[in-house]
Amino acid sequence: MRARRLVVGTLAAGALALSLTGCGDNVDTTERLGRKTAEATPDAGGATPSPAASGASAAPGGASDEAYKKWGLTAPLQYAPKPAQKPQIPKPGAGKVPVIDRIPVPADDKVVFLTFDDGAEKDPEFLKMAADLKLPISMFLTDSVASSDYGHFEKLRDNGSSSTINNHTLSHPNLRTLSFEGQKKEICGQQDRLEKRFGQRPPLFRPPFGNYNDDTLRAASECGVSSLVLWRVSMQINNFQYAEGSALKPGDIILAHFRGPGELKGATETQMTTRMLQRIQEQGYRIGRLEDYL
Ligand SMILES: [Zn+2]
């Protein structure tokens, strides 16, 4: 078990993430794609995680007392304050970014982190929900689907929750199929796009489908990324899919998508999010802001 634990943080991280779901057009399709890819390429590459650049900002929380009722919750959400000390994350190899799929918090610190990917769905109701609940969301945006309305995500970033905009490539390719230069084009290209549009070069990067290799870690570093962020838990339509076990674990990074009814079997983005938050509450977890821990 101990050996497995050690492996989880490094080599197996990508494979585990893959066995959840990737990001794409359709929940079922991407799940199949993710599993297939994971089987075909078990070596996820990967470096030892390590500290990333931080972004100082306000602690999450601050939702009004009644907001939770409006959005279908039976109790107010609990938010984790910014930790006094950042968790110790092992350093990566020289010239590489660290790979992070779970934040190493103490075993009794029941905190999880929300991440939303891609950017196809731009539901104004979701903006209201995120603002009302002050959800700290780390967004990972792909230019080809998000850029039709980057303003939507700017509103989400600026809603008072200290949400952030991060890199999920220009066109959402499987990076393992690309050369080092090809990967750099996808990663640096989106860094440039996001910097130009939002005024800041994102610190975090997530590879599409969770697929990466050694070239990815070097390319991301050269593009000015601080950390490659994967996930341990994936939100489907109603429930979580776990990389291991059947419950959240302290420090889990949760993957969700900006998806709408067409991809959620009729459910809206806000309905999916309500269910996700209910699942988090049922298990007694608080919501943290990922960047506060990196
Ligand atoms: Zn994606």
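In this predicted model, the largest nonpolar core has 62 residues, of which Val112, Leu114, Met139, Ala220, Leu228 and Ile254 touch the most other members. The element that gives the most to this core is strand E2 (residues 111–118), with five residues.

Leucine 114 shows how such a residue is surrounded. Apart from its neighbours within four places in sequence, leucine 114 is in contact with Leu135, Pro136, Ile137, Ser138, Ile254, Ala256 and Ile287.

The chain contains 10 helices and 10 strands. Among contacts between residues at least 6 apart in sequence, 75% join residues at least 24 apart.

The elements discussed in this report are listed below.

| Element | Residues |
|---|---|
| Helix H7 | 150–157 |
| Helix H8 | 180–198 |
| Helix H9 | 214–222 |
| Strand E2 | 111–118 |
| Strand E4 | 164–167 |
| Strand E5 | 204–205 |
| Strand E6 | 227–229 |

Helices H8 and H9 form a contact that can be described in detail. Their axes come within 9 Å and cross at roughly 45 degrees, which makes H8 oblique to H9. The crossing of the two helices is right-handed. On the H8 side, the contact is made by Phe180, Gln183, Lys184 and Ile187; on the H9 side, it is made by Asp215, Thr216, Arg218, Ala219, Ala220 and Glu222. Sorted by class, this contact has four nonpolar, two polar and four charged residues.

Which residues of H9 are buried? They are Thr216, Leu217, Ala219, Ala220 and Ser221. The cover over the buried residues of H9 includes H8, strand E5 and strand E6. Just after H9, glycine 224 takes a positive phi of about 90 degrees.

Is aspartate 158 buried or exposed? Aspartate 158 has 12 other C-beta atoms within 10 Å and is therefore exposed, since a residue counts as exposed if 12 or fewer such atoms lie within that distance. The C-alpha atoms of aspartate 158 and alanine 131 are separated by 8.9 Å, and the two residues are 27 residues apart along the chain.

Notes
Residues numbered from 1 in each chain as written. Predicted model: local features only at pLDDT ≥ 70, side-chain atom pairs only at ≥ 80, totals over all residues. Axes fitted to C-alpha atoms, helices over the stretch in contact; angles between N-to-C directions. Helix = DSSP H or I, 4+ residues; strand = E, 2+ residues; numbered from the N terminus. Parallel < 35°, antiparallel > 145°, perpendicular 65-115°, else oblique. Left-handed = near helix turned anticlockwise from the far one by under 90°. Contact = placed C-beta atoms within 7 Å. Nonpolar A, V, L, I, M, F, W, Y, C, P; charged D, E, K, R; others polar. Core = buried A, V, L, I, M, F, W, Y, C linked by C-beta atoms within 7 Å. Buried ≥ 20, exposed ≤ 12 C-beta atoms within 10 Å, placed from the backbone.
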